[in-house]
Each structure stands twice: as C-alpha cells, then as structure tokens.
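Here are my notes on this one, as promised. Have a look at the model first, then go through the points below.

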Amino acid sequence: MHPHRRPLADVDSAVFDSIQKEEARQENNLELIASENIASTAVREAMMSVFTDKYAEGYPGRRYYGGCENADVVEQLAIDRLKALYGAGFANVQPHSGAQANMAVYHAFLKPGDRLMGLSLPEGGHLTHGSPVAFSGQMYEILPYGLKDDETIDYDAMRKLAIEAKPKMIVSGASAYSRNIDFEFFNKVAKEVGAMHMVDMAHYSGLIAGGAYPNPVPHADVVTSTTHKSLRGPRGGFILYSNEELDKPIRMSVFPGLQGGPLMHVIAAKAVAFGLCLQPEWKDYAAQIVANAKALAAELTAQGLRIVSGGTDSHLMLVDLRPYGVNGKIAQNALDHANITTNKNSIPNDPEKPFVTSGIRLGTPAVTTRGMKEAEMVEIAGYIAEVLRAPDDEAVVAQVKQKVIDLTNRFSLNAV
Ligand SMILES: *Cc1c(COP(=O)(O)O)cnc(C)c1O
C-alpha cells in the first residue's frame, strides 16, 4: 500500500478514537437538538471524497483554475436539483455555512449603517439577524421585531415599525420559533416600505422541501438556508432567488466578496442531499418530523410542562420548565446524563440569564431519521418528564438512561 493510503486508525489513533466515540455517542443518545440531524452514508461518502483536494474558484463553466470539469458537473447538479426542489430561478450552493449565506446577502445589498429588521434573538431570531454580539448587529442599524402575548410573531407591530423606520431589508425566519411564519405578509410589508425581503429558512428547509411547512420562495427576494438541519445534508449553506438583477451582486458577494475556493467535497454532498430531498419518500419523512413534534409537544403538555405558544407547526418546540421548578441549565445537564441531548434556550420574557434560561428547545428531525414515530415520542416525553421531576436523583437518571439505551438499540443506526 502506498504510505499515503494508510487508514486513519494507523496514521492517527487519537483522532480515530474520538471519531469512534462520537459514533457511539450518536448511536446511544437521543438527539433532540432541533438544529441537528444524522446525515446519510451517501452524503458522508460524497463529503469525504477527493473533491476536498480541488480548487474551483469561480462558478461552473467560469473557473479560475484548470481541471475543474468534474467540479463543474457536481456543482451544476447541486444547483439544478436545488432550483427544482424549491422552484427558484437561481441557486448559489457555495456558502460555507448558514451564517456566511446571510452575510453574503447583507454584503451584496446593504452598506454599513443601513437599517435591517429581524426577529430579536431572545424571541427566537438568530445571531445573524442583528444580535449586538454578531457582525450583523455591529455592521448595520438593527430594528428588532418580536412576539405578542400569545408568543406568536407580532405582525402588526412589525409592520408599524417597518413603516416608521423604512429599513433597507426585512429578514424573516427563526431559530427557535415553532409556528408557521406568514412569509406572504412579510413580503407585502417589505414591498409597502420599499425594503428587500430575505427569508432565512435554515431551520425549516427540510420540511419545506417535503411540503410540510410553507415555502417562502414565492414570497421573498432572497432565501438563505443551512443544509445540515432538517435538510439532512452536510454542514453548509445556500442562497436562492429568482430575479436576474440579483444574480451578479449575490454571485460577486459570495465569491470573490467573502469566500475563496468553494468546498467542492461539501458541494458534492449537498448535491446528494438535494437529490434525496427530491425523492418521493422525502415527503413522508418531512410529514413524520412534524407529526412527531406534535406528539412530543402534546405528551409533554400532558405531563404538566408548558409548550411556548401552546404547540408547534414544525419540527421544534420550546419547553417552559417553570411548572417543574427547574431551569434550562439544570435540565440540559440532567437530560445529558440520561443520554437525552437537548439545548437550554431562553423563552419569551425569560427571567433567567441566557446562560441559565427557563427553557429547553427540542426538535424531532434526528429521531425521525432513526425511524421513530408518535409512539416513541410519547415514550421520550415520559423519560424527559421523569428526569426533570428529579434532576438530582442519580438513581432515577440512571434508570432513564437505561431505558433510553434500550430505545436507541431498537432504532439502531448500525442495524444492517
Ligand atoms: C442555524 C442558523 C443559521 C446559521 O447556520 P450556521 O451554518 O451555523 O452558520 C442561520 N440562520 C438561522 C435562522 C439558523 O437557525
């Protein structure tokens, strides 16, 4: 064997070991982090391919490097599949991440100091929608909108703010908002005040691909997304739009504006993931994710916890833990010990600090990938309630952990 072809286990046992352990962790834990999923073997195979070696600055057919004929084919496949999936006129599959897709759109159309409206971070928005700790909040003048008393988006107040402030861009989309978003209304308001409307569908894009959540593409100037959340692809981002006038600014903003060479191995994996989303079975997967989230929310409610806004229309939910007298930090930690992986998350008007919180965010894309259905969601809600009723009771936590391992064994990812 050429020394260059020695397997990882021989070359670097330390890294090999941590990969083995991560594989075991994923196998034996219930992954309920709403932004995570479990990529398929085909996606990972494309991602670990020789395309990692290739420089392909530019776009298909117009590269700054030689030898790009195969890169051209694979990037064009990704573009064509993505356009077909969402019914968009143009697609850019080069952003390295969701944050970079957003940054590319802002960089294309906003100047420093321009006004940007987005859902506030503590009410479900994303860092890239104008948080003061992120580039978006430091570079632009941010006008956040928020939620009503019923914990759904305050559309009237958002419109009023837009009319007053005349922002250059309105961003809709969220990271911790469980309900349908009225993208059409956002678009009307944007048009009314002469703003661009950008939808960041990072969390919902897999559901949208399967018809299980409203498609924002007809109601936005630009749509951005990640590829690794409900979409179940490799880590990455993309941008969609249909107006030809936006094409040059967006292309130039991604490359050479913000990025150098595209990650061709990741783009190959994106092409695979988009291809899987175009299969008829994807609709069943997307519908099951939402059915599972509704079942999980209903049973947690039955167990005495409160779901923010009263329920979910999507893959995720925020759980208000105050009825049990525990905070998010304690809950996340105790659930971790029972092999249930979640993240603490602020709830609307949270009295606790962001590092403590009164809530956890749960999502069903990963457990649905394993094949779990409503019956398992009821079971999982029971385990969560058991742990959160006695987060300090090591015996209870250990018992739940054993039941979780039995459940993950029944839905093994390694079953052949
Ligand atoms: C996850 C997320 C992003 C950022 O994606 P990264 O790939 O982590 O940079 C952007 N916007 C929203 C709404 C998200 O939920």
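This is a predicted model: local features need pLDDT of at least 70, side-chain atom pairs count only at pLDDT 80 or more; totals for chains, interfaces and linings use all residues.

Is Phe186 buried or exposed?

1. Start with the ligand. The shell around the ligand has 14 residues, and those that come nearest are Gly98, Ala99, Ser175, Asp200 and Lys229. By type, the shell splits into nine polar residues, three nonpolar and two charged. Helix α5 (residues 98-109) gives the largest share of the shell, three residues.

2. Ser175 brings an N or O atom of its side chain to 2.7 Å from a ligand oxygen. Gly98 and Ala99 use their backbones instead: an N or O atom of the Ala99 backbone sits 2.8 Å from an oxygen of the ligand, and for Gly98 the corresponding backbone distance is 2.9 Å. On its own the ligand has 380 Å² of accessible area, and the protein covers 85% of that.

3. On to the rings: I get 13 aromatic pairs. One of them is Tyr106 with Phe135, a tilted pair with 6.1 Å between centres and 40° between planes. Tyr106 belongs to helix α5 and Phe135 to helix α6 (residues 135-139), so this pair links distant parts of the chain, 29 residues apart. Tyr106 has 0% relative accessibility and therefore counts as buried, whereas Phe135, at 22%, is partly exposed.

4. Next is Tyr145 with Phe186. Their ring centres are 5.4 Å apart and the planes meet at 50°, so this pair is tilted. It ties together parts that are 41 residues apart in sequence, because Tyr145 is in strand β6 (residues 141-145) and Phe186 in helix α8 (residues 183-193). As for the opening question, Phe186 is buried, because its relative accessibility is 0% and the cut-off for buried is under 20%. Tyr145 counts as buried too, at 4%. Both rings belong to one aromatic cluster, made up of Tyr145, Tyr155, Phe185 and Phe186.

5. Last, a check on helix α15 (residues 374-389). With 16 residues at 1.5 Å a residue, the helix should span 22 Å, and the end C-alpha atoms are 23 Å apart, so the two values agree. Its buried residues include Glu376, Met377, Ile380, Ala381, Tyr383, Ile384, Val387 and Leu388. When you look at that list, remember that residues three or four places apart in an α-helix point the same way, because there are 3.6 residues a turn.

Note on methods
Residues are numbered from 1 along each chain as its sequence is written. Side-chain values use heavy atoms; hydrogens and water are left out. A residue is near a molecule or strand if one of its heavy atoms lies within 4 Å of it. A polar contact is a pair of N or O atoms within 3.5 Å; within protein, one must be able to donate a hydrogen and the other to accept it, and residues adjacent in sequence count only if both atoms are side-chain atoms. Accessible areas come from the Shrake-Rupley method with a 1.4 Å probe; for residues, only the protein chains shown count as cover. Helices (H or I, at least four residues) and strands (E, at least two) are DSSP runs, numbered from the N terminus. Ala, Val, Leu, Ile, Met, Phe, Trp, Tyr, Cys and Pro count as nonpolar, Asp, Glu, Lys and Arg as charged, and the others, Gly among them, as polar. The expected span of a helix is 1.5 Å times one less than its number of residues. Buried means under 20% relative accessible area, exposed over 50%, partly exposed in between (1.4 Å probe, protein chains only). Rings of Phe, Tyr and Trp (its six-membered ring) pair if their centres lie within 6.5 Å; planes under 30 degrees apart count as stacked, over 60 as edge-to-face and the rest as tilted.
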